[in-house]
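Student: I would like a close look at one part of this model, the strands and the turns that link them. Please set the part in the context of the whole chain.

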Amino acid sequence: MNVRLCTVLIIKRGAEFLVGRIPYTTELRWSRSPYDAWKTRKKETAQAVAHVVGGDLWLFNPIVGQLKEMEQ
């Protein structure tokens with residue numbers, strides 16, 4: 001398995017990571033753990049969501065536990 005292929009984009013705002021929307025509400029759920037975060041490999045989708053929630057894009061590889069802010 002190529003570990004680099006496991007790298008995903010996640011959204012961070014302050015000290016917390018976006019998990020998703022709470023069902024049946026418009027509220028968002030946040031977590032202090034990047035492992036809980038909503039993940040995608042689609043840059044355009046991640047940028048759109050980050051813009052809406054006021055967050056920043058981060059690269060995260062859960063296999064090796066590496067977290068790095070994405071360069072814009």
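Student: How many positive and how many negative side chains does the protein chain have, and how far apart do the centres of the two sets lie? From there, please take me through the strands and their turns.

Tutor: One caution before the numbers: this is a predicted model. Charge comes next. The protein chain carries 11 positive side chains and 7 negative ones. The centres of these two sets are 5 Å apart.

Now the overall layout. Read from the N terminus, the order is β-β-β-α-β-β. The radius of gyration is 12 Å, close to the 11 Å that the globule rule gives for 72 residues, so the chain is as compact as a globular protein of that length. Along the principal axes, the C-alpha atoms fill a box of roughly 40 × 25 × 20 Å. Of the 72 residues, 29% count as buried. The accessible surface is about 5100 Å². Carbon and sulfur atoms account for 52% of that surface. Take the contacts with a separation of 6 or more: 53% of them come from residues 24 or more positions apart.

Strand β1 covers residues 8-13, and strand β2 covers residues 16-21. The two run antiparallel and are joined by two bridges. K12 has F17 in β2 as its bridge partner. Together β1 and β2 make a hairpin, with two residues between them. G14 sits in that turn and has a positive phi of about 65°.

R13 deserves a stop here. This residue lies in strand β1.

β2 pairs with strand β3, residues 28-31, in the antiparallel sense. Four bridges hold this pairing. R21 has L28 in β3 as its bridge partner. Six residues lie between β2 and β3 in the hairpin.

What stands out in that turn? Y24 is found in the loop between β2 and β3. Phi of Y24 is near 65°, a positive value in a residue other than glycine. Is Y24 buried or exposed? Its relative accessible area is 84%, and exposed means over 50%, so Y24 is exposed.

Strand β4 spans residues 56-61 and strand β5 spans residues 66-69. They pair in the antiparallel sense over four bridges. L59 has K68 in β5 as its bridge partner. The hairpin of β4 and β5 leaves four residues between the strands. In its turn, G65 has a positive phi of about 75°.

To recap the turns: G14 has its positive phi between β1 and β2. Y24 has one between β2 and β3. G65 has one between β4 and β5.

Note on methods. Residues are numbered from 1 along each chain as its sequence is written. This is a predicted model: local features need pLDDT of at least 70, side-chain atom pairs count only at pLDDT 80 or more; totals for chains, interfaces and linings use all residues. Side-chain values use heavy atoms; hydrogens and water are left out. The radius of gyration is taken over C-alpha atoms; the globule rule is 2.2 Å times the number of residues to the power 0.38. Buried means under 20% relative accessible area, exposed over 50%, partly exposed in between (1.4 Å probe, protein chains only). Contact means heavy atoms within 4.5 Å. Accessible areas come from the Shrake-Rupley method with a 1.4 Å probe; for residues, only the protein chains shown count as cover. Lys and Arg count as positive and Asp and Glu as negative; His and the chain ends are not counted. The place of a charge is taken as NZ of Lys, CZ of Arg, CG of Asp or CD of Glu. Two strands pair if DSSP finds at least two bridges between them.
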